[in-house]
Structures are given as structure tokens and as C-alpha cells.
Amino acid sequence: RFDWCKGTGVAMYGLWKLQECTERGYALVVEGESDCHACWQNGIPALGVPGASTWKAEWAKPLAGLRVMVWHEGDSGGMSLIQRVAQDLPAAQVIRRPKAFKDLSEAHAQGVDIRRFVQEAMEHAKPIATEVATDEQTTKTTEDDGLLTAERLQDLAPWVSDKLNHQLRRETKEIIASKLCEWLLRHHRLM
């Protein structure tokens with residue numbers, strides 16, 4: 001439980017770093033304070049969102065004119081943050097986490113050269129609209145031909161494998177599980 005002073009609420013963490021972001025021409029938006037600390041320790045101008053679902057439209061204003069990149073943790077919360085930021089900062093870009101670590105704090109703890117990693121990741125950052133569209137497409141294609149034409153469990157395996165080899169939102173995983181159960185019932189494989 002959090003106690004707030006009357007009239008206050010959530011804010012981006014590290015707003016005192018806006019001048020540095022402006023001087024450097026970019027800001028990396030991350031989830032949480034520990035990721036900010038990992039970035040700052042490695043000379044990366046970062047601002048932290050206190051939780052994936054707390055993004056506020058007014059936070060886009062101080063970022064206007066900057067190259068904004070959003071760290072995508074690869075989970076449904078991370079996708080929620082991406083979708084919210086995309087509405088207010090359509091020119092933003094996304095840096096997807098590699099499989100080796102969830103966030104920059106964890107990478108720092110593993111001894112990863114954060115500065116080098118972020119510099120390289122910035123070169124490959126994708127437009128935020130592309131990330132949102134990819135996620136929506138993944139959600140829409142859960143009922144593709146592989147599922148509909150599979151007659152045996154052996155035929156179904158490639159469909160399942162293909163769907164689960166991607167970073168998926170929780171909602172998408174639930175759709176896949178539901179479709180699998182429907183298939184198993186339709187083929188008398190589930191009791």
C-alpha cells in the first residue's frame with residue numbers, strides 16, 4: 001500500500017534527468033526505478049514508468065522533440081505499456097528484450113555491458129506502430145489453417161510449436177489454450 005501526499009499521484013521516475021535527455025537527444029522509457037538506475041549508472045538517459053498500466057498521456061509532452069525508445073519486457077504488461085505509449089508518442093520506437101534477461105536491471109546484475117547493448121539496440125529499434133501491429137496480428141492469427149486442418153495430434157504439433165515460439169500476451173495464450181481444448185474435444189481426445 002502506498003501513501004501519497006494530498007493532491008499528488010504517480011509520476012515518471014527520473015524527471016530530473018529530462019535536461020540530460022534533451023542534451024543527448026533521446027530518452028529510454030523503462031518500467032521501474034531499478035532499470036533507471038542501471039541505465040544511469042551506464043550513462044544512458046532513462047525515465048521510468050512506475051508500472052506498465054500507469055502511463056499517462058501528459059507524460060508525452062516533456063518528451064516531445066526527443067527520440068523516444070520504450071523498453072519492451074516481452075510480457076503482457078510490457079505490451080500494455082507499448083500500446084499506451086503508442087497512442088501518445090506515435091513516433092516512438094521499441095527495444096525488445098533479448099531472451100537472456102528480462103530488463104536492464106537484470107542485465108546489469110549479469111554483468112552485461114549495458115551502454116554497448118543499448119547503443120546496438122538503438123540501431124535496431126522498431127517503430128512502435130510496427131510492434132503494436134505485430135502483436136495484434138499474432139492475436140488475430142490464432143485460428144489459422146494449421147489448427148483447422150489438423151486431424152491428428154501429430155498434425156497439430158507444428159501449429160502449437162509455431163504459436164508458442166513467440167513472445168505472447170497473456171490474452172493470446174488464453175486464446176491458444178481455448179482453441180487447443182476445442183480441437184481436443186472436437187477430435188474426442190479430451191475427457
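Biologist: How many residues of strand 1 are buried?

Modeller: This is a predicted model, and in it six of the six residues of strand 1, which covers residues 26-31, are buried, so the strand is largely enclosed by the rest of the structure.

Biologist: Which residues sit on each of its faces?

Modeller: Tyr 26, Leu 28 and Val 30 are on one side, while Ala 27, Val 29 and Glu 31 are on the other, and with all of these residues buried both faces of strand 1 are covered.

Biologist: And which strands does strand 1 pair with, and in what sense?

Modeller: Strand 1 pairs with strand 3, residues 67-72, in the parallel sense over four bridges, and in that pairing Tyr 26 stands opposite Arg 67. Strand 1 also pairs with strand 2, residues 46-49, again in the parallel sense and over four bridges, with Val 30 standing opposite Gly 48 of strand 2.

Biologist: What unit do strand 1, helix 2 and strand 2 make?

Modeller: Together, strand 1, helix 2 (residues 33-41) and strand 2 make a β-α-β unit that is right-handed.

Biologist: Staying with helix 2, which of its residues are buried, and what do they pack against?

Modeller: The buried residues of helix 2 are Asp 35, Cys 36, Ala 38, Cys 39 and Trp 40. These buried residues pack against strand 1 and strand 2, and also against helix 4 (104-109) and helix 5 (114-123).

Biologist: What follows helix 2?

Modeller: Helix 2 is followed by Gly 43, which has a positive phi, near 75°.

Biologist: Now the charged pairs. How many salt bridges does the model have?

Modeller: The count comes to five salt bridges. One of them joins Glu 131 and Arg 96, whose side chains meet at 2.5 Å, N to O. Glu 131 lies in helix 6 (residues 128-140) and Arg 96 in strand 4 (residues 93-96), so this pair ties together parts that are 35 residues apart in sequence.

Biologist: Are those two partners buried or exposed?

Modeller: Glu 131 is buried, its relative accessible area being 6%, whereas Arg 96 counts as partly exposed at 37% relative accessibility.

Biologist: How are Glu 20 and Arg 24 placed in helix 1?

Modeller: Glu 20 and Arg 24 are four residues apart in helix 1 (residues 18-24), so about one helical turn separates them. As a general point, an α-helix has 3.6 residues a turn, so residues three or four places apart point the same way.

Biologist: And how accessible are Glu 20 and Arg 24?

Modeller: Glu 20 counts as partly exposed at 23% relative accessibility, and Arg 24 is also partly exposed, with a relative accessible area of 42%.

Technical notes:
Residues are numbered from 1 along each chain as its sequence is written. This is a predicted model: local features need pLDDT of at least 70, side-chain atom pairs count only at pLDDT 80 or more; totals for chains, interfaces and linings use all residues. Side-chain values use heavy atoms; hydrogens and water are left out. Buried means under 20% relative accessible area, exposed over 50%, partly exposed in between (1.4 Å probe, protein chains only). Helices (H or I, at least four residues) and strands (E, at least two) are DSSP runs, numbered from the N terminus. Two strands pair if DSSP finds at least two bridges between them. A crossover is right-handed if, with the strands pointing away from the viewer, the path from the first strand over the helix to the second runs clockwise. Contact means heavy atoms within 4.5 Å. A salt bridge is a side-chain nitrogen of Lys or Arg within 4 Å of a carboxyl oxygen of Asp or Glu.
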